[in-house]
Amino acid sequence: SVMLFTKPETEPRPLRRIVFMADYSEHAQRALKSTLHLAEAEDCEKLYAIRVYTTFDEARAAISAENSDGSLRARTFEEEEKALEEFILAAGQTNVPIEARCVRGNTGFAASDFVQSVDAQLLVVPIHPSDDSRERLPNHIAWITDVIPCNLWVIR
C-alpha cells in the first residue's frame, strides 16, 4: 500500500472528509475496514463510498436487460446504488458517518470532480494485489495518475 500526500505539512491537518472508491471484491471490503479504522482515528466528519456509473454502464445495462440467457448482466443505476449500500453494510457497525454515492458521469473523471466537490482530504483506492508486479490501475481509475485531486491512499 502507498499513501501519497500531495501537499505535505509539518503539522498535519486531520482527514475530515475521505472518499473511498468502492468495488465489490473481498479485497475492497478489507480495504474499506482499514479505511474505517483510519477515519475513526482521524475523527472523520464523513466517509463517502462511491461508485462511478457512466453512460456506458447505463447502455450495457439496457442491452443486457434484454438477455435472458441467465448470464451476469450489467447493473442498472438503482441496482448499483443498492449493491453499494449492501457493500457498506457488510463492513459492520461503525461510528464513522458514511454516505453511499453512485456518481454519474461520462468517464472516471466524474470521481475526481466528486472528490473536489466535497473538498476531500483523502481518496482511497483499493487495488487487488496480484503476482504481476507491473500491475497498473484499472481503466476506470487510471485518471488518478494524471490528476490527483487530493491525498491518495492506494491499498494493495
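This is a predicted model: local features need pLDDT of at least 70, side-chain atom pairs count only at pLDDT 80 or more; totals for chains, interfaces and linings use all residues.
User: How do you know that the span of helix α1 agrees with its number of residues?

Analyst: Helices are DSSP runs of H or I with at least four residues, numbered from the N terminus, and the expected span is 1.5 Å times one less than the number of residues. The 16 residues of α1 (residues 26–41) should therefore span 22 Å, and the end C-alpha atoms are 23 Å apart, which agrees.

User: Why is T35 called buried?

Analyst: Buried means under 20% relative accessible area, exposed over 50% and partly exposed in between, with a 1.4 Å probe and protein chains only. T35, found in helix α1, has a relative accessible area of 0%, and is therefore buried. Leaving aside neighbours within four places in sequence, T35 is in contact (heavy atoms within 4.5 Å) with I18, F20, L47, V124, W153 and I155.

User: What makes C102 and C150 count as buried, and how many disulfides are there?

Analyst: C102 counts as buried because its relative accessibility is 13%, and C150 is buried because its relative accessible area is 6%. A disulfide is a pair of cysteine sulfur atoms within 2.5 Å, and by this rule the count comes to zero.

Terms used:
Residues are numbered from 1 along each chain as its sequence is written. Side-chain values use heavy atoms; hydrogens and water are left out. Helices (H or I, at least four residues) and strands (E, at least two) are DSSP runs, numbered from the N terminus.
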